[in-house]
Amino acid sequence: MIRLNDITGELRSYHPKADISLVEKAYVYSAKVHQGQIRLSGEPYLSHPLEVAHILTQMKMDVVSVAAGLLHDTIEDTAAEPSDLERLFGKETANIVDGVTKISKMRFSTREEQQAENMRKMILAMATDIRVIVVKLADRLHNMQTLGYHPPEKQETIARETIDIYAPLAGRMGIYWLKSALEDLCLYYLEPEIYEKIKAELTERREVREKFIREVIEIVAAKLKETNIKAAIKGRQKHLFGIYTKMKEQNLNPNQVYDILAFRVIVDTVKECYEVLGIIHATWKPVPGRFKDYVSLPKANMYQSLHTTVIGPLGQRMEVQIRTWEMDKVAEEGIAAHWKYKEGSAASKIDEKQFLWLRQLLEWQKSLQDPKEFMDTVRMDLFPNEVYVFTPTGEVKEFPKGATPVDFAYAIHSEIGDKCIGARINGRMVPLRYQLRNGDIVEIVTSVKHHPSKDWLDFVRTSRAKTKIRQWIMRQERDLSVNLGKEMLEKSLAQARINIANLNKSDQIAAVAEDLSYHSQEDLFANIGYGRISVKQVIGRLKPKVDIPEEAKPGIVSKMVSRIKRKKSTLGIKVKGLDDMLVRFANCCHPLPGEHVVGYLTRGRGVTIHKHDCRYIADFEPERVVEVIWEPSDHTAYVATVKVVTTDKRGILADISAIMAQKDANILQADVQTTLDHKGISHFTIEVENYKQLQEILGAIKKIKHVLLVERG
Ligand code: MN
């Protein structure tokens, strides 16, 4: 079992000034809370955090990471709370342990590449500190190393998750040795027979291979000596999983995979890298298409090397990697190679370029304003613009930050979106406006009777949801317009004594629709309803096809048209944006030209015009209220009602009537009552031209002696 001294010793070896006390404190605390717990191996539980911390020192991680490694299972497996850790070990350490715990609680199971990629992104997104992932990877390595104590099904599940999620994450972090180690362990558990076969094959030829490696190194060393280049030359066999991948890709047996050897030449300068490449290519024949220059074009994680494959001395392929010591450090240590700049050397100048890889790695959308800001805080939002959540079946879905259950519902299916009334997040009901958070398990609640609301457009984030909601509203409006248009046409035809049913029977309306290049009869009605085409135009098209006596034809049609025309001109009101809309004035409030009015789109009865303060407006559906404007009109007769209260005096009615006549108003009806307290209450229904005229009449009546009150009735 690893001891605390091994860890602190290791830590001091690469970080002499490290404050070891934090690690010691973490050790004491971890030992205390894990006390009595035993691993499946029979060892005390503490052995696991110790191993994890030790792996972290092998990755040359900082003090905080190592302390977090010792504490990484305390929240999940003991009574410890994040607040305890924060109090005892500080915010950074507590945050890392908390992050590792959250990732550990997630269950991944998939064979689909896109899903696996989403899960990797989700892990990155959930880790507000990159060290969370490094600790999690160290944890996973030790779990894989001790996987043998688990039952077979569990072995398979964990190995599968590791190969799908964690090994690629290690690669993305640039920690290649960890990636290879995880992959080989996975191969051992997932394909035990193949693993053994490859291993046996390699063991059998081990001596030959080692001799071969020595020979190649000698040849290269001799060539480099001639040119005075100082270099370290290493030869190794590729890791088992790498050989397995090659076998699978090329459908080979293990003994057919030749390029299982890889050599590495490490030099002092970039210039020497290319010189060495020249020497290698001059010595052995390069395999076309296998040269890769990651020196001038580094990988996203800042990996740099020259890669080439040549036909070696015994006619077999071998891969050669050439790089500087600096590049080698990055390749070996990945993130940790950069980490060292953080610790103990705050004053040292940090090359912004060194963090470029991190930004690319994290697909950072908004570039950091100040790299020092990053250095100061270490904490960061790895995917500031995305949020990853689970479906109830464990699928991961990616959304823009701020997305809501409605976005989620539409991402599943537009039917579900249209019918969603609420959502359960992690088992709890939330409103539709709730903003999704990383790792949420989202379940949508639907109702057949429900439908989308215009308000949703205020909070949905995805364009898919927006489009679907708009489509739904448009469909609704279309249905309304179809009914309206049909009604308008029917009415006009009825006035011309044409029965629409007969026209339908002979497909004439459909023919007109086709004539006008509409997709269907419905489409035609909708366009009438929207006001894009007038009833008159449609009837005009029908004209030659209407089956009526020859001599009567022009008369009827022209009468019909003129009636429609007259009707339109007499209304004196226009629905904004729509022509030829069927309009009528509301009986409840009798609006007059010049008055502030609104239109209300009724079902199948066109637009009704109300006064803006009509008492019924409160009950209107807001999406059916349309803007209307008054137009100059030759029409003079608008109906208005007037209520006049007077003292009960003979002759007053005559005075009022005289005023009305004087002001050119036509009295249609008058109703006079006398009350017990000798007041006269008169109701007049009159025809006026406009609101102004009515105001004048009301003003004049008010001036008559004995008139107590005048108002619109
Ligand atoms: Mn663990």
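User: Which residues have the most contacts inside the largest nonpolar core?
Analyst: Leu56, Val265 and Ile322. That core has 101 residues. Bear in mind that this is a predicted model.

User: Which helix gives the most to this core?
Analyst: Helix α9, residues 130–145, with 9 residues.

User: Back to Leu56. What is it in contact with, leaving aside neighbours within four places in sequence?
Analyst: Tyr14, Met61, Ser65, Val66, Gly69, Val134, Val135 and Ala138.

User: And what other core lies apart from the largest one?
Analyst: One of 32 residues. Leu493, Tyr518, Phe525 and Ile533 are among them.

User: Switching to strands. How many residues of β6 are buried?
Analyst: 7 of the 8 in β6, residues 317–324, so the strand is largely enclosed by the rest of the structure.

User: Which strands pair with β6, and in what sense?
Analyst: β2, residues 261–267, pairs with β6 in the parallel sense over 6 bridges. β5, residues 306–311, pairs with β6 in the antiparallel sense, also over 6 bridges.

User: What about the hairpin of β5 and β6?
Analyst: It has 5 residues between the strands. Gly315 takes a positive phi there, near 80°.

User: New topic, helix α2. How far does it reach from first C-alpha to last?
Analyst: 18 Å, over 13 residues, 21–33. That is close to the 18 Å expected at 1.5 Å a residue.

User: Which of its residues are buried?
Analyst: In α2 they are Leu22, Val23, Ala26, Tyr29 and Ser30. Seen down the axis of α2, they fall within an arc of 130°, so they line one face of the helix.

User: And which exposed residues sit on the face turned away?
Analyst: Val28 and Lys32 in α2.

User: What covers the buried residues of α2?
Analyst: The cover includes α1 (4–14), α3 (47–58), α4 (63–71), α5 (74–77), α6 (82–89) and α7 (91–105).

User: Last one, the open sheet with β9. What is the strand order?
Analyst: β10-β9-β11, with antiparallel pairing. β10 (428–430) and β11 (442–446) stand at the edges with a single partner strand each, so one side of each has no neighbour in the sheet. The twist averages 35° from one strand to the next.

User: How many bridges between β9 and β11?
Analyst: 5, with β9 spanning residues 420–425. Cys420 stands opposite Thr446 in β11.

User: Which helix lies across those strands?
Analyst: α20, residues 405–412, lies across β9, β10 and β11. It runs at about 85° to β11.

Note on methods
Residues are numbered from 1 along each chain as its sequence is written. This is a predicted model: local features need pLDDT of at least 70, side-chain atom pairs count only at pLDDT 80 or more; totals for chains, interfaces and linings use all residues. Side-chain values use heavy atoms; hydrogens and water are left out. Two strands pair if DSSP finds at least two bridges between them. Helices (H or I, at least four residues) and strands (E, at least two) are DSSP runs, numbered from the N terminus. Axes are lines fitted to C-alpha atoms, for helices over the stretch in contact, and angles run from 0 to 180 degrees between N-to-C directions. Contact means heavy atoms within 4.5 Å. The expected span of a helix is 1.5 Å times one less than its number of residues. Buried means under 20% relative accessible area, exposed over 50%, partly exposed in between (1.4 Å probe, protein chains only). The arc is that of the directions from the helix axis to the C-beta atoms. A nonpolar core is a set of buried Ala, Val, Leu, Ile, Met, Phe, Trp, Tyr and Cys residues joined through side-chain atoms within 4.5 Å.
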